[in-house]
Amino acid sequence: MNSFPKASPESMGISSDRLLHMMKKLAELEYLNSIIILRAGHSILECWQSPFEREIPHQLFSLSKSFTSCAIGLAQAEGLLKISDKLISFFPEYSTCVTDERMLDVSLEDLLTMRSGHLVCATKYMFGQQDYVKAFLSSQLDTDPGTVFTYNSGATYMLSAVISKVAKENVREYLIPRLFKVLQIVPGIWECCPQGINCGGWGLSLTTDDLAKFSYLLLQRGKWNGKQIIPEEYLAAASSKHADNSKNTLPDWQQGYGYQFWVSRHGYRGDGAAGQLAVILEEYDLCISVTSCLSDMQKMLDIFWEELIPYLKPHPLPEDTPAQQKLQEYTDDLKIRPPENSIVKKPIHVSFQFEDNAAGIQKCEVISNDHSCALTFYTAKGIEQLRAGFGHFEYSVIQLTDTRPHPVAAFAVWEDANTLKISSFICDGVYRDIWTIDFSNSENPVKHEFYGIVCGERGIRTPGTSQYNG
């Protein structure tokens with residue numbers, strides 16, 4: 001749970017009406033999963049949109065990069081490395097694999113600032129390989145290191161690999177006594193490469209409360225309860241502009257890049273695909289922690305800049321109990337609402353044999369009654385079941401083709417007398433799936449649509465549709 005004392009928005013210089021207005025704007029986006037706003041060390045807004053829950057660690061995607069950066073800062077303070085060190089110096093056993101002499105000049109700072117010399121994300125060369133380190137070091141560079149910004153999750157992976165090399169443990173384990181325990185965070189998983197090294201640039205899962213603690217640590221310039229946890233000098237550099245990213249098209253992605261942090265039009269931030277955010281606004285003694293499922297993160301930042309920041313006051317406002325109550329009622333009731341099911345069907349129990357498909361599904365069994373339905377998938381790896389309620393969510397744990405199982409909430413609706421539609425939401429991430437069963441279609445009765453975010457990060461599924469013959 002959150003360790004921050006709660007305070008009324010008015011006591012912290014912002015009106016509850018204004019926060020309610022902001023929340024309604026955010027609710028127009030698909031989807032705000034959770035948000036915590038802290039000002040002066042007090043929580044003025046906490047909200048989880050059902051079926052996303054407070055206790056479930058959420059995938060942070062590229063927001064993981066900011067934690068890897070902090071590990072580099074700590075390792076430098078401990079004398080394990082210097083950010084001016086050349087990358088190859090940590091992996092002399094791979095020196096014969098280098099095919100581009102410019103790779104010998106790549107420094108840790110070049111990796112931190114996304115100026116490794118690649119003009120595409122280096123994961124292009126790494127995914128599908130057993131040895132990511134070898135794949136990175138043997139890749140060809142497009143420019144001299146330290147010159148051109150290109151967003152590069154592979155560069156962050158290499159920082160994680162460096163920590164693993166010098167600390168003899170993964171970034172997650174390295175940070176446990178130095179960061180996570182201090183903040184009373186029990187970290188979720190941090191996904192690994194085939195050789196067991198934390199991915200660094202993606203793969204960490206934390207609860208929103210944990211993310212809020214990290215955000216507040218950054219807001220306090222690396223201090224926690226008066227003790228310096230992350231070196232202040234390193235954080236000052238990490239949150240400052242080093243790389244020119246002005247060629248990007250969105251305004252908050254062209255203000256400059258630090259050490260795995262983005263400089264924003266206001267303050268700075270760590271961010272991850274689909275809107276995982278730690279927004280740090282020192283000028284206002286305020287930080288915002290968000291998990292969400294967005295295709296356009298700029299829209300969310302625009303709402304913060306337009307609907308929140310201009311209304312922050314440096315002094316308390318008169319208390320407004322009715323407005324506070326309205327805000328609380330709104331956030332308590334924020335949920336994705338399953339549609340009412342107007343068509344009543346007799347109980348159904350039918351199965352479909354699948355042709356060969358990428359999901360490896362051999363057979364799907366459909367069971368439905370007037371309260372709920374279930375899809376049971378028979379695959380080469382075993383049996384999994386997705387449960388869905390009519391007019392309400394039901395919960396399952398599903399993996400299918402993913403790298404690990406996920407908690408899933410799903411609802412169902414009869415679109416017409418022959419068409420059953422099941423919508424599912426991964427509760428620890430950003431993915432959504434829609435299964436449509438058309439009982440009148442003898443050739444392609446089962447249609448699967450999955451929705452993720454289009455980007456270069458591993459594990460994020462891109463929009464698409466698959467049909468399997470029954």
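Visitor: Which residue in β10 does A278 stand opposite?

Guide: A278 stands opposite S289 in β10. Keep in mind that this is a predicted model.

Visitor: Which strands does that pair belong to, and how many bridges join them?

Guide: Start with the general idea. Sheet strands pair through backbone hydrogen bonds, parallel or antiparallel. Now the case here. Strand β9 covers residues 276–281, and strand β10 covers residues 286–292. Five bridges join β9 to β10, and the two run antiparallel.

Visitor: What is the strand order of the sheet they sit in?

Guide: Read across the sheet: β2-β1-β10-β9-β8-β7. That makes six strands in an open sheet, with antiparallel pairing.

Visitor: Which strands are at the edges?

Guide: Look for strands that pair on one side only. Here they are β2, residues 42–48, and β7, residues 262–263.

Visitor: Which strands does helix α10 lie across?

Guide: Helix α10 spans residues 297–307. It lies across β1 (32–39), β8 (268–272), β9 and β10. Its angle to β9 is about 30°.

Visitor: Now another region. How many bridges pair β17 with β18?

Guide: Seven, in the antiparallel sense. Strand β17 runs over residues 419–426. β17 and β18 form a hairpin, with five residues between them.

Visitor: What does β18 pair with through six bridges?

Guide: Strand β19, residues 446–451, again antiparallel. R432 stands opposite Y451 in β19.

Visitor: Is β18 mostly covered or mostly open?

Guide: Mostly covered. Strand β18 spans residues 432–438, and six of its seven residues are buried. Buried here means under 20% relative accessible area.

Visitor: What share of the whole chain counts as buried?

Guide: 58% of the 470 residues. The accessible surface comes to about 19,200 Å². Carbon and sulfur atoms account for 49% of that surface.

Visitor: What radius of gyration does the chain have, and what would a compact globule have?

Guide: The chain has 24 Å. A compact globule of 470 residues would have a radius near 23 Å, so the two agree. The C-alpha atoms fill a box of roughly 70 × 65 × 40 Å along the principal axes.

Visitor: How many helices and strands does the chain have?

Guide: 11 helices and 20 strands.

Visitor: What share of contacts links residues 24 or more positions apart?

Guide: 58%, counted among contacts with a separation of 6 or more.

Definitions and conventions
Residues are numbered from 1 along each chain as its sequence is written. This is a predicted model: local features need pLDDT of at least 70, side-chain atom pairs count only at pLDDT 80 or more; totals for chains, interfaces and linings use all residues. Side-chain values use heavy atoms; hydrogens and water are left out. Two strands pair if DSSP finds at least two bridges between them. Helices (H or I, at least four residues) and strands (E, at least two) are DSSP runs, numbered from the N terminus. Contact means heavy atoms within 4.5 Å. Axes are lines fitted to C-alpha atoms, for helices over the stretch in contact, and angles run from 0 to 180 degrees between N-to-C directions. The radius of gyration is taken over C-alpha atoms; the globule rule is 2.2 Å times the number of residues to the power 0.38. Buried means under 20% relative accessible area, exposed over 50%, partly exposed in between (1.4 Å probe, protein chains only). Accessible areas come from the Shrake-Rupley method with a 1.4 Å probe; for residues, only the protein chains shown count as cover.
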